[in-house]
Amino acid sequence: MSRKLRIADVRKALDAGRRFLVVSHQSPDGDAIGSSLALASVLTALGKGCDIVNVDGVPMNLTWLPLAERVHLVPDDPGAYDTVVVLDCGGPERTGLDLPLDQPGRVVVNIDHHPGNPEFGTVNLVDPAACATAELVYEVLRAMPAPLGYSAATGIYTAILTDTGSFRFSNTSARALEIASRMVSKGVDPAWVSHMVYDQQPVGRLHLLSRVLETLTLSPRDKAACVTVTREMLRATHTGVEDVDGFVNYPRSICGVEVGLLLREEADGRYRVALRSKGRVDVSEIARELGGGGHRNAAGATVDGTPAQIRRRLFDRVETALDEQRLRKRLAG
Ligand SMILES: [Mn+2]
């Protein structure tokens with residue numbers, strides 16, 4: 001089904017619903033929160049009931065977003081919603097919510113841009129070509145009868161800004177810039193948003209960063225680089241998991257490195273692995289082998305083992321992927 005038809009289906013579902021729950025993935029980012037707030041602002045303007053839920057709440061650097069105070073950690077009345085909109089979740093489990101999606105009479109609208117999304121909704125608008133879930137939310141909102149105001153525009157802009165790494169990653173499409181430009185026309189101030197998102201770091205985050213960078217390790221042929229975050233480091237610097245966001249871009253930024261890796265120790269002693277590629281290695285493939293998932297250039301998984309074991313395994317896998325590529329190219333050429 002074409003994107004256009006799917007947008008029309010979502011619009012119909014939003015028109016018909018009266019009592020909405022808008023949810024997004026745990027450890028939310030700018031896309032999860034920005035998309036949620038933009039959608040909720042338009043649904044509210046249409047006179048519909050709308051609760052916004054994220055199990056982890058709004059990260060510190062996004063609490064200034066218009067309507068952020070409306071995000072709750074749990075649904076008010078889990079049975080009351082006729083329509084549940086799931087945003088930026090590659091699968092229903094990503095919400096971290098124990099919410100029955102298959103309740104009779106309940107419509108589930110799944111809007112997402114993760115490849116491999118199993119289309120778990122009653123209505124699905126899934127397009128991995130979208131730069132952010134907010135791009136798809138924007139396409140839906142502009143077809144709605146209520147105008148897209150400043151609050152919604154700020155959510156959409158912030159979502160696209162953060163999901164494209166400030167318009168630096170490969171998902172920075174013409175459409176991404178076009179939508180961002182339209183949001184600026186609606187009054188969004190790019191310098192102010194950037195200041196609020198990036199220039200309000202707690203000092204503990206920099207203390208944490210300095211410890212994390214000391215763990216920097218390169219693969220045998222310098223094609224992958226890895227940093228590690230332990231729970232002890234978070235304790236010592238009075239920081240939380242949300243402060244680690246973006247650190248994986250440091251190993252990725254090294255000259256000659258193709259894949260940046262970040263290992264973060266979880267409460268159960270396992271490690272959450274973040275993988276970021278410069279484009280040659282498809283890290284979603286590697287993440288899937290480890291039981292995780294994601295995009296071609298940004299993916300993640302949770303794995304067992306010590307940091308040294310995990311690192312060795314991933315270094316091996318990345319360098320093998322590059323060898324195979326070189327071999328294929330040579331055979332083809
Ligand atoms: Mn996203």
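A: Start with one pair of residues. V53 has H72 as its bridge partner in strand 3. Keep in mind that this is a predicted model.

Q: Which strands does that bridge belong to, and in what sense do they pair?
A: Strand 2 (residues 49-53) pairs with strand 3 in the parallel sense, over two bridges.

Q: What is the order of the strands in the sheet that holds them?
A: The order is 3-2-1-4-5-6. Six strands make up this open sheet, and the pairing is parallel.

Q: Which strands lie at the edges?
A: Look for strands that pair on one side only. Here they are strand 3 (71-72) and strand 6.

Q: How many bridges join strand 1 to strand 4?
A: Five bridges join them, and the two strands run parallel. One example is F20, whose bridge partner in strand 4 is T83.

Q: Is strand 4 buried or exposed?
A: Count its buried residues. Buried means under 20% relative accessible area. Five of the five residues of strand 4 are buried, so the rest of the structure largely encloses this strand.

Q: Which way do the residues of strand 4 point?
A: T83, V85 and L87 point one way. V84 and V86 point the other way. All of them are buried.

Q: Which helices lie across this sheet?
A: Take two. Helix 1 (residues 3-16) lies across strand 1 (19-24), strand 4 (83-87), strand 5 and strand 6. Helix 1 runs at about 135 degrees to strand 6. Helix 3 lies across strand 4, strand 5 and strand 6, and runs at about 125 degrees to strand 5.

Q: How are two packed helices described?
A: Two values are used: the angle between the axes and the distance between the axes. Now the case here. Helix 2 (residues 30-45) and helix 3 (residues 133-141) pack at an angle of about 10 degrees. Their axes are 9 Å apart.

Q: What does that angle tell me about helix 2 and helix 3?
A: Angles under 35 degrees count as roughly parallel. Helix 2 and helix 3 are therefore roughly parallel to each other.

Q: Which residues make the contact?
A: Helix 2 gives D31, S35, A38, L39 and V42. Helix 3 gives T133, A134, V137 and L141. Sorted by kind, the contact residues are six nonpolar, two polar and one charged.

Q: Now the metal. Which residues coordinate the manganese ion?
A: Read a metal site by its donor atoms. Here they come from D31 (OD), D88 (OD), H113 (NE2) and D163 (OD), at 2.2 to 2.4 Å. D31 also belongs to the contact of helix 2 with helix 3.

Q: What spacing do the donors follow along the chain?
A: The spacing is D-x56-D-x24-H-x49-D. Take H113 and D163, which are 50 residues apart and link distant parts of the chain. H113 sits in the loop between strand 5 (107-112) and strand 6 (123-126). D163 is in helix 4 (residues 150-163).

Q: Are H113 and D163 buried or exposed?
A: Both are buried.

Q: What is the strand order in the other sheet?
A: The order is 7-8-9-10-12-11. This open sheet has six strands, with mixed pairing. At its edges stand strand 7 (217-218) and strand 11 (293-294). Each has a single partner strand, so one side of each is left without a neighbour in the sheet.

Q: How do I read a hairpin there?
A: Strand 9 (residues 259-265) and strand 10 pair in the antiparallel sense over seven bridges. Five residues lie between them in the hairpin. In the turn, G269 has a positive phi of about 90 degrees.

Q: What else pairs with strand 10?
A: Strand 12 (residues 298-303) does, in the antiparallel sense, over six bridges. Y271 stands opposite V303 of strand 12. Strand 10 (residues 271-277) is mostly covered, with five of its seven residues buried.

Q: Which residues have a positive phi without being glycine?
A: L67 is one, at about 80 degrees. L67 is in the loop between strand 2 and strand 3. S166 also has a positive phi, of about 60 degrees, although it is not a glycine. S166 is in the loop between helix 4 and helix 5 (174-185).

Definitions and conventions
Residues numbered from 1 in each chain as written. Predicted model: local features only at pLDDT ≥ 70, side-chain atom pairs only at ≥ 80, totals over all residues. Heavy atoms only, no water. Axes fitted to C-alpha atoms, helices over the stretch in contact; angles between N-to-C directions. Helix = DSSP H or I, 4+ residues; strand = E, 2+ residues; numbered from the N terminus. Parallel < 35°, antiparallel > 145°, perpendicular 65-115°, else oblique. Contact = heavy atoms within 4.5 Å. Nonpolar A, V, L, I, M, F, W, Y, C, P; charged D, E, K, R; others polar. Donors = N, O, S within 2.8 Å, 3.2 Å for Na, K, Ca; no water. Buried < 20%, exposed > 50% of the residue type's maximum accessible area, 1.4 Å probe, protein only. Pairing = 2+ DSSP bridges.
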